[in-house]
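Here's a quick, friendly tour for anyone opening this structure for the first time. Have a look at the view below, then work through the notes topic by topic.

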Amino acid sequence: MTNKQMYAIAFAAMAIGLSPVWAQEPAQKAGEMETMPGMDHGKMDHGSVPGADQDGKSGTAQGMGQDAGNMNHAGGMDHGSMQGGSAPPDARDPHGYSGGYDFGPIPPPRMGDEHHFHSLLVDRLERVHARDNLFTEYDLQAWFGRDYDRAVLKAEGEIDGGKFQDARTELLWGHAVAAYWDTQLGVRHDGGVEPSRGWLALGVQGLAPYWFEVEATAYVGEQGRTAFRFVAEYELLLTQKLILQPRIEANFYGKRDTARELGSGPSDLAAGVRLRYEIRREFAPYIGIERADKFGATADYVRAADHDAQETRIVAGLRFWF
Amino acid sequence: MSTRRHFLAMPNLPRRRFIQGLAAGGILLGLSPWSRPAWAREAVGTASGTAKVLSGTEFDLTIAETPVNFTGSPRLATTINGSIPAPTLRWRAGDTVTLRVHNRLSEDTSIHWHGILLPYQMDGVPGISFKGIAPGETFTYRFKVQQTGTYWYHSHSGMQEQTGMYGAIIIDPAGTDPIRADREYVVQLSDWSDEDPMAVMTKLKMQSDYYNFNQPTAVQFFRDASSEGLSAAINKRKMWNQMRMNPTDLADISAYTYTYLMNGVAPASNWTGLFRPGEKVRLRFINSGAMTFFDVRIPGLKMTVVQTDGQNVEPVTVDEIRIGVAETYDVIVTPKDEAYTIFAQSMDRTGYARGTLAARAGMTAAVPAPDKPEPLSMGDMMGDMGGAVRVRHARTEYGPSVDMRVDTPRTNLDDPGIGLRNNGRRVLTYADLHTIGGPMDERGPGREIELHLTGNMARYTWSIDGVEFGRSTPVHFRHGERLRVIFVNDTMMTHPMHLHGLWQELENPDGRFQVRKHTISVQPAQRVSFLVSADAPGRWAWHCHLMFHMDSGMFREVVVA
């Protein structure tokens with residue numbers, strides 16, 4: 001695969017990943033839904049619906065069942081109004097029924113929505129077998145907080161010869177902005193054998209249509225340094241427990257960083273598939289294959305150190321969470 | 001919570017034993033690693049199977065931890081008087097009952113009398129009706145019984161209901177019961193997990209489809225593609241995937257962790273009710289599950305439904321009933337000289353509770369296999385797209401707490417629901433239920449309020465109008481008013497909505513009175529309306545009775561003033 005092709009894939013993936021952010025905006029009129037093919041209203045009774053402004057219809061149970069069958073074939077319909085969008089001016093006030101009343105003298109119950117939860121997902125803890133090297137990679141995410149606001153810790157890196165060769169650690173405030181999307185704001189620290197770097201981070205993480213898990217983060221560092229990182233994953237269920245996970249990760253830098261041997265522009269892209277077996281949901285060993293490419297000046301640094309700028313790796317590891 | 005120490009990781013059990021439970025499971029009567037308090041030892045012998053019946057006007061109920069073993073792994077349950085289910089309370093209409101509830105747990109507790117009309121301070125919801133019952137304390141409930149029928153009671157604190165705190169209430173009329181039967185049994189259905197419910201909640205927050213092992217797979221896709229053609233197979237999935245919705249999302253919690261119980265015993269233990277051939281037997285079905293809708297049938301027997309939620313209805317004869325969480329249905333059956341299986345499969349078809357009606361002890365009947373799970377249809381997501389009903393979404397339904405909105409809900413009550421449509425059996429629907437005597441209040445509604453049932457499955461958050469309880473304000477009903485409440489279900493799950501202290505008089509799509517209930521199951525993409533007479537001043541809870549939805553915030557306080 002040429003570099004050009006790799007670029008094309010990376011940018012296409014980004015376009016897919018980021019599109020839902022604006023795709024949720026346009027709200028479509030409900031009326032357009034009636035053009036959906038395959039509808040069968042022939043068996044519906046007519047009657048007035050209490051409280052409705054107009055006459056309504058109600059389907060018989062049998063009618064529903066048949067509609068359901070037909071509707072399954074109505075793919076390709078636009079249903080933008082069902083998700084996302086912004087509230088129309090006449091939307092109801094959710095507090096409009098309170099009549100000015102608040103909770104009584106007894107402190108109201110505290111439900112799960114006010115509790116804090118936490119979790120750690122080690123998405124990849126793997127031995128990587130490259131052509132001329134064998135090392136360990138880790139990639140984890142932990143969070144603590146409530147449903148819509150949480151502290152997020154992300155860490156990814158490479159351990160070789162008992163040393164952190166490369167370690168990216170981020171501490172972020174994750175804030176839900178849409179049904180499937182969180183913004184993340186915080187700091188990033190790059191460590192390892194080379195001089196360390198600090199960054200401010202701003203990104204989005206969420207679930208794009210068709211179940212693509214996407215992270216896209218922009219960074220601003222000292223001395224005018226900028227960076228961008230993009231990750232997309234997909235989980236393809238072969239069976240209920242055997243899951244194929246394609247994954248791509250790409251990094252970009254705005255400025256050459258000689259000390260860390262990074263060129264400007266696209267610096268690296270890893271694209272792989274991992275096949276895991278969930279012994280339990282929380283515990284899944286996997287094997288995989290990954291293509292890891294470096295580009296531009298970054299690739300030159302790698303070649304100067306007598307390594308390959310393009311390589312295919314075999315990985316074996318463990319995915320677990322609790 | 002002291003029980004949490006004892007909830008270990010899920011045991012590596014043989015699968016069959018886990019689903020079926022132990023033949024001799026339930027409350028541990030013999031040796032156990034936990035010592036049993038003296039009061040609990042008194043209950044030995046009646047502890048499992050059929051609950052002890054307590055009647056009269058004075059009751060002492062003691063809440064404590066009791067060792068149980070439903071699956072082969074000992075656990076601690078939260079019990080009332082040491083049994084699961086708790087004792088059946090038998091009251092008489094017109095009596096004033098006194099119930100002293102003693103808390104021997106190390107955490108707060110409470111008891112809510114589900115469906116009972118009473119002063120709000122006696123309703124038993126911590127933070128709304130009272131402060132709760134602290135460890136070591138006794139709270140005395142006292143109220144006049146103003147109704148008749150089958151009801152139940154349960155904890156309203158934390159997740160104690162999931163760990164065993166539920167029992168039946170039977171209220172006899174002062175005179176003769178218009179429902180005549182030669183014999184009667186309470187059939188109380190529930191779900192048991194060896195996991196700590198808080199651990200279950202955490203898992204759902206992390207991965208909301210954690211317990212769903214019926215998901216669409218690539219293998220199925222290729223199977224569909226070869227039988228239906230590639231484009232049909234793609235179309236079938238396209239919209240669901242585009243919307244990030246899962247058509248197999250039938251239940252949040254499955255038999256992967258649940259063992260389903262009938263009268264507190266696992267399927268292998270086979271709860272059995274005896275009868276004499278030809279007798280009219282009244283079965284009082286109560287769904288005391290935390291998260292499970294049960295589809296109940298008795299192969300070989302027709303069931304004549306005579307009551308729901310304690311309210312007598314015009315008799316209707318059916319083969320099968322879907323019982324929403326917290327609902328009750330009384331049926332009359334007339335068995336012949338043989339045995340019959342009472343089969344209560346979970347809505348997601350991963351398991352079942354089972355018992356037997358037998359002419360003689362030891363008789364059993366074949367146990368059917370659970371039906372194949374049926375994926376949700378587009379109608380379950382989008383409602384009735386030809387319908388002309390207008391909905392008004394709240395402005396808070398356009399944010400992160402809501403993953404979909406239904407603009408064109410369906411209004412019909414004659415849909416038995418997913419998995420029961422066109423199954424060849426006569427399945428009860430709300431359209432079949434007519435409360436005898438009509439509505440309790442002939443007035444029309446003076447006003448109406450519309451509330452939307454909302455959630456975000458991926459985040460596992462549940463709310464009303466996109467607002468969880470912690471961010472909500474109370475809903476005000478004016479004392480004495482008659483008002484219409486409209487629920488629109490903007491989710492793909494069925495929500496059993498329970499209003500405390502006040503009846504919900506369900507209307508049919510034409511606005512005519514249908515049935516009086518304390519708990520109304522609202523199906524996916526459905527709009528229902530009901531009238532309420534706000535005749536009980538005070539503060540009342542109003543919530544989805546799926547316990548994890550309630551605890552996630554699908555909950556409101558109602559102020560009647």
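B:Ala326 sits in the loop of chain B that runs between β18 (320-323) and β19 (328-333). Before going further, keep in mind that this is a predicted model.

- Most residues other than glycine have a negative phi, and most peptide bonds are trans.
- Is B:Ala326 buried or exposed? It counts as buried, because 28 other C-beta atoms lie within 10 Å and the cut-off for buried is 20 or more.
- Over in chain A, A:Gln223 also has a positive phi, of about 55°, although it is not a glycine.
- You'll find A:Gln223 in the loop between β9 (212-221) and β10 (226-233) of chain A.
- A:Gln223 has 7 C-beta neighbours inside 10 Å, so it counts as exposed, the cut-off for that being 12 or fewer.
- The peptide bond from B:Ile84 to B:Pro85 is cis, and its omega is near -5°.
- B:Pro85 belongs to the loop between β4 (75-80) and β5 (86-92) of chain B.

*A five-stranded sheet in chain B*

- Look for an open sheet of five strands in chain B, with the order β13-β21-β20-β15-β18 and mixed pairing.
- The edges are β13 (271-274) and β18 of chain B, each of which pairs on one side only.
- On average, and ignoring direction, neighbouring strands of this sheet are turned by 20° against each other.
- Strand β20 of chain B covers residues 339-346, and seven of its eight residues are buried, so the rest of the structure largely encloses it.
- β20(B) runs antiparallel to strand β21 (residues 352-358) of chain B, with seven bridges joining the two.
- Which residue of β21(B) is the bridge partner of B:Tyr340? That's B:Leu357.
- β20(B) and β21(B) form a hairpin with five residues between them, and B:Arg349 in the turn has a positive phi of about 65°.
- Strand β15 (residues 294-297) of chain B is also antiparallel to β20(B), and four bridges join them.
- In that pairing, B:Val296 has B:Ala344 of β20(B) as its bridge partner.
- β15(B) pairs with β18(B) too, over four bridges and in the antiparallel sense.

*Nonpolar cores*

- The largest nonpolar core has 153 residues, and those with the most contacts inside it are B:Ile169, B:Met262, B:Val331 and B:Ala344.
- What does B:Ala344 touch, leaving aside its neighbours within four places in sequence? Its contacts include B:Leu189, B:Tyr260, B:Met262 and B:Phe294, along with B:Val296 and B:Tyr352.
- Another core, of 20 residues, lies apart from the largest one, and its members include A:Val204, A:Tyr219, A:Ala227 and A:Val231.

*Two packed helices in chain B*

- Two packed helices are described by the angle between their axes and the distance between the axes.
- Helix α4 (residues 218-228) and helix α5 (residues 230-243) of chain B pack at an angle of about 130°, and their axes are 6 Å apart.
- That angle makes α4(B) oblique to α5(B).
- The crossing of α4(B) past α5(B) is right-handed.
- On the α4(B) side the contact is made by B:Phe221, B:Asp224, B:Ala225 and B:Glu228, and on the α5(B) side by B:Leu230, B:Ala232, B:Ala233 and B:Lys236.
- B:Met243 is a residue of helix α5 of chain B, and it is partly exposed, with 19 other C-beta atoms within 10 Å.
- B:Met243 and B:Asp403 are 160 residues apart along the chain, while their C-alpha atoms are separated by 8.8 Å.

*Chain A in numbers*

- Chain A has three helices and 15 strands.
- How many of its residues are buried? Of the 322 residues of chain A, 32% count as buried.
- Taking contacts in chain A between residues at least 6 apart in sequence, 46% join residues at least 24 apart.

Conventions
Residues are numbered from 1 along each chain as its sequence is written. Chains are lettered from A and ligands numbered from 1 in the order in which they are written. This is a predicted model: local features need pLDDT of at least 70, side-chain atom pairs count only at pLDDT 80 or more; totals for chains, interfaces and linings use all residues. A nonpolar core is a set of buried Ala, Val, Leu, Ile, Met, Phe, Trp, Tyr and Cys residues joined through C-beta atoms within 7 Å. Two residues are in contact if their C-beta atoms, placed from the backbone, lie within 7 Å. Two strands pair if DSSP finds at least two bridges between them. Axes are lines fitted to C-alpha atoms, for helices over the stretch in contact, and angles run from 0 to 180 degrees between N-to-C directions. Angles under 35 degrees count as roughly parallel, over 145 as roughly antiparallel, 65 to 115 as roughly perpendicular and the rest as oblique. A crossing is left-handed if the near helix is turned anticlockwise from the far one by less than a right angle, and right-handed if clockwise.
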